[in-house]
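Colleague: Hey, can you walk me through this one? I'd like to start with the loops and then get to the sheets.

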Amino acid sequence: MTDEPTPPAAPPGRRHRFLRAAGAAGVGLAAAAAALGAGELAAYATGAPTAPVIAVGSAAIDLTPTPLKEYAVRTFGTHDKAVLLGGIYLTMALLAALAGLLAVRRPAVGAVVFGVFGALGAWAALSRPGAGAADCVPSLVAGLVGATAVLLLARLCRRARSTAAAHRPETAGGPEYDDPEPPSKSTELTSRRTVMAATAGTFAAGALAGTAGRALTDRRYDVTAARGTVRLPAPAAPLAPLPAAVHPNVPGLSAFTTPNADFYRVDTALTIPRIDPRDWTLRLHGLVDRPRLLTFDELLREPLEELDHTLSCVSNEVGGPYVGTTRWLGAALPALLRRAGVRAGADQLVGRSKDGMTIGTPLESVLDGRRALLAVAMNGEALPLAHGFPCRSVVPGFYGYASATKWLVELEVTTFAAFDPYWVRRGWDRTGTVRTASRIEVPAPFAKVPAGEVAVAGTAWATHRGISAVEVRIDEGPWQQAELAADAGPDLWRQWSYRWPAAAPGTHRVEVRATDATGAVQPESRAAPFPAGATGWHSTVVTVT
């Protein structure tokens, strides 16, 4: 029997290569978890908006082109923020996995990737209006922790691979190893287990730190208890309850007054600003003779007024849900401005929120006799946190983007020539006047209804002008007058109903249009919300059985 040379070891198989790549990617993901966890803990000192992901997300919202923003609102509705954050986390996970793959080969490269993460977050935090130097600390901490974690884990991983390579006959006792005997199988297994345990432990520690950091930050800045202690004064002249006749008795039709929990929310805030009313002040300045700093207690001592008002969002599509009606309570904004002494030439009132949002309203409209408010309550309770607590502005006749500053902390009397607010800089109409709109709510789209008399009902609004007529037509036939519910005032929507004698079985198209109190008929031509609000007749399709 002759001795034969030992054949060279086969190269690692596909499964082995996959496991090695997965392990390297896991190193990057674990380092990312540690980074984000450290950033969340650091945000305890500086506030939730400075956490790395929130800072990057807020900057992304500001940089997103208007058409893409509109697509997000149209496609995802009020879930657009969750989708954005999910996209950021997914992108970070992919880049972290790539950083892990690079770090196992070249640790410094992986560390640089996390350094870039931290720098990006710091830039995003500092780009926010009113940001201070401390706001970039959570992102810098995250970058440092991520870079350190990936370096340490990559070193363990490289050591384990060296141990595995030394176990193979063609490398045992080679120039890379001083020991003529290769490491044992148990040593190799121990090294791999050490890497897995370190990776898993780092990931778990990061997740725990992130959860704890977010919980601690939420608790530290929680103003729920402070909101609960607010005692709302009675209005100087209470409004009478709305009559029952404003709401037709049609099952499925929206309530006339929208409950606070159902009121739409469309804004750019990834985290709700939390303002303790004891610390809140409103700065009134600009082109006024007597600037003022108003505290919350002083605001509550103003003669408070009630206002029934329908607020709508300019992003609302034809027939869309971003509209609601509430009874607001607040101080008269025109009275406050007149006491401050508005100077000649001023034509714009700019509201600034705690998170830096700016909203511009035509000053002449605030002072033309309409009941504009610094609102502190809606539907009999202090403003919900998501709707502007402790104070927001409400000016009838305009979409929210041109009248309703939530988390209001500053009012500046200025000119349109001197300043472009947030949405105007992004191409939206400067004035934001609400367009006439109407929608069909009953029957639901694609509903099947029995032949006979079918209830058709919905809502129409032309804020601060009012609705004088609503018409319905079936299958492009003649327009028929709908029955209008009681008119509660020009600043409110108006509900309507129509009894349709549905005799012919099959599919039918139902359309609606409204006429405002000036006699202007809602235009038929469809226009997208950008840049001045959607137009067009709403329609629905139903099947008569």
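Predicted model: local features only at pLDDT ≥ 70, side-chain atom pairs only at ≥ 80, totals over all residues.

Colleague: Got it. So where does His464 sit?

Modeller: His464 is in the loop between strand S13 (452-461) and S14.

Colleague: OK, what about cis peptide bonds? Where is Pro443, for instance?

Modeller: Pro443 lies in the loop between strand S11 (437-442) and S12. The peptide bond leading from Val442 to Pro443 is cis, with omega near 0°. Then look at Phe530 and Pro531: the bond between them is cis too, with omega near 10°. Pro531 belongs to the loop between strand S18 (506-516) and strand S19 (538-544).

Colleague: Switching to sheets. In what order do the strands come in the one with S14?

Modeller: That open sheet has five strands in the order S12-S19-S18-S14-S15, and the pairing is mixed. At the edges are strand S12 (448-449) and strand S15 (480-481), each pairing on one side only.

Colleague: Remind me, what holds strands together in a sheet?

Modeller: Strands of a sheet pair through backbone hydrogen bonds, either parallel or antiparallel.

Colleague: And how many bridges link S14 and S15?

Modeller: Two, with S14 (residues 467-474) and S15 pairing in the antiparallel sense. You can find Glu471 opposite Gln481 of S15.

Colleague: Now the sheet with S5 in it. What's the strand order?

Modeller: S2-S1-S10-S5-S6, an open sheet of five strands with mixed pairing. Its edge strands are strand S2 (292-295) and strand S6 (358-362), and each pairs on one side only. From one strand to the next, the twist averages 20°.

Colleague: Which helix lies across it?

Modeller: Helix H10 (residues 333-340) lies across strand S1 (281-286), S2, S5 and S10, and runs at about 50° to S1.

Colleague: Back to S5. How many of its residues are buried?

Modeller: Six of the six, so S5 is largely enclosed by the rest of the structure. Gln348, Val350 and Arg352 point one way, while Leu349, Gly351 and Ser353 point the other way.

Colleague: What does S5 pair with on the S10 side? How many bridges?

Modeller: Strand S5 (residues 348-353) runs antiparallel to strand S10 (residues 408-414), and six bridges join them. Gln348 stands opposite Thr414 in S10, and Arg352 has Glu410 in S10 as its bridge partner.

Colleague: And how many bridges are there between S5 and S6?

Modeller: Five, also in the antiparallel sense. There, Gly351 is opposite Ile359 in S6. S5 and S6 make a hairpin with four residues between the strands, where Gly356 takes a positive phi near 95°.

How values were computed: Residues numbered from 1 in each chain as written. Heavy atoms only, no water. Pairing = 2+ DSSP bridges. Axes fitted to C-alpha atoms, helices over the stretch in contact; angles between N-to-C directions. Contact = heavy atoms within 4.5 Å. Buried < 20%, exposed > 50% of the residue type's maximum accessible area, 1.4 Å probe, protein only.
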